[in-house]
Amino acid sequence: IMNRRGLSLLEMLLAIGITSIIGAAIASMMAASTNGLASKNDSRLSAIRLATTQARLGAYIAPSMCILDKGTSHFTLWLEDSRESNTVHVSEIRWIRFNAELNMLTVEFVDFPDTWTQSMIDASDIECNTLTDYESLLSALRIDDVINSVNLVDAMDSCSFWLNDSIPFDATRICIRFSFKSDYGVTSDSIIDETLRIHQPPSEQQ
């Protein structure tokens with residue numbers, strides 16, 4: 001009887017040990033499955049961000065007349081010749097830049113107050129020329145409080161730009177290299193190439 005009781009106790013200890021091992025294995029599998037799902041969701045979110053970035057940048061670059069200026073983290077577009085003068089006016093410019101402090105890609109543009117008369121708008125919608133410094137112009141327009149800004153893409157970790165020509169006016173393609181912040185760190189760099197459909201510099205640059 002003592003041996004049978006001892007054997008039953010040993011079996012019980014073995015059963016408890018096996019159950020604990022199985023329980024730990026199940027817990028590990030569930031954790032791995034949860035992490036896998038989270039990783040897939042993170043990858044899916046990054047893919048959505050990539051598509052959004054490409055669509056929003058393409059909406060500005062593709063229809064633009066030409067590239068006016070470019071820096072490592074910004075570029076300036078002549079979006080349209082709305083005055084049909086074949087010259088650049090401030091209301092036709094779009095400044096696109098990466099803000100490293102806010103991790104945002106933004107577009108800035110002139111937005112004259114609704115209370116202004118047409119004559120006031122015409123007087124302020126100045127014409128640019130070959131000597132125009134577009135960064136200084138943007139700073140002056142900010143001081144005049146006629147610049148509006150819209151966030152294009154957020155949660156960006158890095159973003160830089162290249163052109164297919166050293167002279168912005170002659171460039172027809174912009175290459176954008178960027179990465180995103182995610183729950184699993186920083187994503188691998190992605191590259192987008194966008195081309196101006198119709199390249200037409202202002203008259204003084206032709």
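This report describes the surroundings of one arginine and the aromatic pairs of a predicted model.

## Basis of the report

Local features in this predicted model need pLDDT of at least 70, side-chain atom pairs count only at pLDDT 80 or more, and totals for chains, interfaces and linings use all residues. Residues are numbered from 1 along each chain as its sequence is written, and side-chain values use heavy atoms, with hydrogens and water left out.

Arg 97 lies in strand β3, residues 93-99 (strands are DSSP runs of E with at least two residues, numbered from the N terminus). Arg 97 counts as buried because its relative accessibility is 17% (buried means under 20% relative accessible area, exposed over 50% and partly exposed in between, with a 1.4 Å probe and protein chains only).

Apart from neighbours within four places in sequence, the residues in contact with Arg 97 include Ser 73, His 74, Met 104, Glu 135 and Arg 142 (contact means heavy atoms within 4.5 Å). With Glu 135, Arg 97 makes a side-chain to side-chain polar contact at 2.8 Å (a pair of N or O atoms within 3.5 Å; within protein, one must be able to donate a hydrogen and the other to accept it, and residues adjacent in sequence count only if both atoms are side-chain atoms).

## Aromatic pairs

The structure holds three aromatic pairs (rings of Phe, Tyr and Trp, the last by its six-membered ring, with centres within 6.5 Å; planes under 30 degrees apart count as stacked, over 60 as edge-to-face and the rest as tilted). One of them is the stacked pair of Phe 112 and Trp 116, at 5.4 Å centre to centre and 25° between the planes. Phe 112 is buried at 12% relative accessible area, whereas Trp 116 is partly exposed at 25%.

Phe 178 and Phe 180 form an edge-to-face pair, because their planes stand at 70°, with ring centres 5.4 Å apart. Both Phe 178 and Phe 180 are buried.

Note on methods: Helices (H or I, at least four residues) and strands (E, at least two) are DSSP runs, numbered from the N terminus.
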